[in-house]
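Colleague: I would like to learn how to read strand pairing in a model. Where do we start?

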Amino acid sequence: MQKQDRSRKGLLMVRIGIVAAWSLTAFMIIASQTIFSEEQRMLRTNPVPPEDYLAAPPSSSSPDVQLPPSHLRAGARNDNTNVDLAFDFNVSRADRMMARLYNESPIVIPHYKLVFFTTPKIGCTVWKQLFRRMMGYRNWKNLNIVHNPTQNGLIYLSDYSLREAEHILQHWTKVIWVRDPKERFLSAYLQKAVASNGLHLRQCCNCQGPEAKSGACVDRARASIDNFYDHIAAHCPTEEHWRPQSQRIEAKYLSAFESLDQAGISDFFVGHIESKSTDAKRLLEGLHPNLETIFPKPSILQRNKISLDGLVIGSKANAWEEYGLSGWGAEDEGANQTNTSASVMFGATGTIGHSTSADKKMREYYTPDVEDAVEAYYKDDYGMPVFGFQSVRVSDPSSAKRNSTSIAGAAAAVVA
């Protein structure tokens, strides 16, 4: 009898143990799901990256100055983390903007909380020089390295972790400059086909077979803007110097940038090369120095040859007062560089490169046929409301034949 009682008690204890184990497992599963859900919710409402909070750029005496996340959430409009965002960018290393390539990943100026999407043929050289100046490089006027992301010492969005990039894209000012597509296409023809014996076409957009070796197809493309269009349409329609501007920012980001701006969460600034003076001033006046920001990891800075030794957070109220007013700086600033003239960087006659005679040049080079083709190629640019383009006919309707302007004449009329 006692033996049976002991057996029953043992069986009961086993059953109790099994039930307890199952209950503990269920509790742990529920708890982990709750924690994960809370983490996801916090990432959406407060998408603050978990590492590398730098109050100021590291120096040789303090290479890893770190701050807690609370410092990143202070007060500025771009860090309004109390807003429940409806956007999940799902930033991926497969995204073009996360590739550290020429004119793919946007440039980031952390102490102004600026994300800048450069586009070839839209003043990107001047902006990159300005950004190198903001980063404290004395040779910021050097044109030999300004476009090379492995040499120019600039910070790109791809230098950040995915979570940091998510936060930056949601809360910092995003900027893109645009240019009338037909004017930009003509500029690309004159500089990339006509100038330098068509070197750019021979290197980046050549044809295949015997004509490539002899150079016949490039020579034919250089002969007229009509031939140039036929050539690039056949061999390299998405080359960055004439790729549609609507493709510069991937679609999943572009619409969200507009919505974030409309909701007052972060700015999305679209500047126009045709009004470069007023637009550049308006942009720079809206950029204020901020020590509470994020720099990439020191190891990333070192790997990409980014030096912060010369960076000084200015005392002026905004970037226009700090940099825009002084333009290219004093005659001896950045001495021995390619451009050492003291001039207004974004003045009405500045160096961004919109020619005041652009309309006249377009009338000279465009025929109705090629204008139709170019308008069709850039239809998405003209159809993008945020860009504000208006397609105005520039060709002479009575000019039915294809343009035969000589290379010599075109070379004399190269626009930036």
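Modeller: With a definition: two strands pair if DSSP finds at least two bridges between them. This is a predicted model, and in it V115 stands opposite K174 in β4.

Colleague: In which sense do β3 and β4 pair, and over how many bridges?

Modeller: Parallel, over four bridges. Strand β4 covers residues 173–178.

Colleague: And in which sense do β2 and β3 pair?

Modeller: Antiparallel, over three bridges. Strand β2 is residues 107–109. Here V108 stands opposite V115 in β3.

Colleague: What do β2 and β3 form, and what marks the turn?

Modeller: A hairpin, with four residues between the strands. K113 lies in the turn and has a positive phi of about 50°.

Colleague: Which way do the side chains of β3 point, and are they buried or exposed?

Modeller: Read burial by its cut-off: buried means under 20% relative accessible area. L114 and F116 point one way from β3. V115 and F117 point the other way. All four residues named are buried.

Colleague: Which elements have the lowest and the highest mean pLDDT?

Modeller: Take pLDDT as the predictor's confidence in each residue. Strand β1, residues 53–54, has the lowest mean, 34. Strand β3, residues 114–117, has the highest, 98.

Colleague: What is the pLDDT over residues 348–356, and how many contacts does the stretch have?

Modeller: Below 50, with 23 contacts in the model beyond near neighbours in sequence. Residues 402–416 also stay under 50. For them the model has 37 contacts beyond four places in sequence.

Colleague: What is the mean for the chain?

Modeller: The mean pLDDT is 76, and 67% of residues reach 70 or more.

Note on methods. Residues are numbered from 1 along each chain as its sequence is written. This is a predicted model: local features need pLDDT of at least 70, side-chain atom pairs count only at pLDDT 80 or more; totals for chains, interfaces and linings use all residues. Side-chain values use heavy atoms; hydrogens and water are left out. pLDDT is the predictor's confidence in each residue, from 0 to 100. Helices (H or I, at least four residues) and strands (E, at least two) are DSSP runs, numbered from the N terminus. Contact means heavy atoms within 4.5 Å. Buried means under 20% relative accessible area, exposed over 50%, partly exposed in between (1.4 Å probe, protein chains only).
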